[in-house]
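Please read the following report alongside the sequence and the model.

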Amino acid sequence: MTTPHLSNFDKNKPALDVPKLYTRGVKLWVSKVRVNTQAVLKRAQHIQGRKLAKKQWQAAWLLKAVTCIDLTTLAGDDTPSNVHRLCLKAIQPVRYDLLKSMDMHDKGVTTAAVCVYPSRVADAVKSLKAANSSLPVASVATGFPAGQTPLKTRLEEVRMAVVDGATEIDIVINRTLALTGQWEAMYDEICQFREACGDAHMKTILAIGELGTFTNVYKASLVAMMAGSDFIKTSTGKEAVNATYPVAIVMVRAIRDYFLCTGHKVGFKPAGGIRTAKEALVWLTLMKEELGDDWLHPHLFRLGASSLLADIERQIYHYVTGQYAAFHELPMA
Ligand SMILES: O=C[C@H](O)COP(=O)(O)O
């Protein structure tokens, strides 16, 4: 069975023009899903036990991780000024002198994007423009984090974020539909979000901590990809359980299966609770081993994180100077 990806279609066409075959495909494919929990847990444990790179190789991998970060602030007390600081940090994520010591000062090291609430998109666009930066602005949308607002409101939120200048939209799925097995209805909703995004990239957040089972995670991944997601993302960062390695194995295997069936590469974004440089290295290892080198670049891999960068910069400081930085030495971290 082939299930062409929606992004291969004219995005200006209404999503509901999608041939009925795809809708039937959702039902068929999703109904056949089985996940071997023990195998998933074993594989996740194996990856976490892998030896990680050291010295200059570690520094290089950490810089790669930096370029894949969606530098995020999603707080009730976000203001134009803290969004402005976030943007400056995204443009220069590692201190210039540290990059110079590694001969990386002229390589354009930035984070992949900044990620904010819809109401702060205009602030981020303004700050980046003022700094002459073309970094993308990602916006969460669709009633983030719970997704419990009317569909009309969720769609309007996407459209408004795009109008304000977001070129990436992180939508949340409707967990009620997943938990009650209404996969076709979820597919239809995501197709509508896809259409509302227009040319903006769409990352679909599964909120895995609220999906109950690995099987639901796999099914939701599949439905999100069939409905045209450019990325699938683990979590909002607001659930009790966020990005975990076992769940990531399930999601990246779904990405792999989808690629094998359709030839279409969908990106992966673990997000929520990722705080340490070591974790970033494990995530990169997982991507390399499970999906290969193509998924080590920002167009197919993102790390959604609000405080990971601080630890990465600290480890890079240690690599360059042989000492750990005092708080005031990395003030923007
Ligand atoms: O999408 C990104 C997440 O909300 C970030 O979560 P975090 O604050 O736990 O890093």
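The report below turns to confidence, then the sheet, then the ligand.

This is a predicted model, in which local features need pLDDT of at least 70 and side-chain atom pairs count only at pLDDT 80 or more, while totals for chains, interfaces and linings use all residues. Residues are numbered from 1 along each chain as its sequence is written. The mean pLDDT of the protein (the predictor's confidence in each residue, from 0 to 100) is 92, and 92% of its residues reach 70 or more. Over residues 1-20, however, pLDDT stays under 50. For the complex, the predictor gives an ipTM of 0.97 and a pTM of 0.92.

Eight strands form an open sheet in the order S7-S6-S5-S4-S3-S2-S1-S8, with parallel pairing; strands here are DSSP runs (E, at least two residues), numbered from the N terminus, and two of them pair if DSSP finds at least two bridges between them. The edge strands, each of which pairs on one side only, are S7 and S8. Strands S1 and S2 pair in the parallel sense over three bridges, and Leu71 stands opposite Val114 in S2.

| Strand | Residues |
|---|---|
| S1 | 69-72 |
| S2 | 113-116 |
| S3 | 137-141 |
| S7 | 267-269 |
| S8 | 303-305 |

Around the ligand there are 13 residues, of which Gly237, Ala271, Gly304, Ala305 and Ser306 come nearest; a residue counts as near if its C-beta atom, placed from the backbone, lies within 6 Å. This shell divides into five nonpolar, eight polar and no charged residues, where Ala, Val, Leu, Ile, Met, Phe, Trp, Tyr, Cys and Pro count as nonpolar, Asp, Glu, Lys and Arg as charged, and the others, Gly among them, as polar.

How values were computed
Two residues are in contact if their C-beta atoms, placed from the backbone, lie within 7 Å. Helices (H or I, at least four residues) and strands (E, at least two) are DSSP runs, numbered from the N terminus. Axes are lines fitted to C-alpha atoms, for helices over the stretch in contact, and angles run from 0 to 180 degrees between N-to-C directions.
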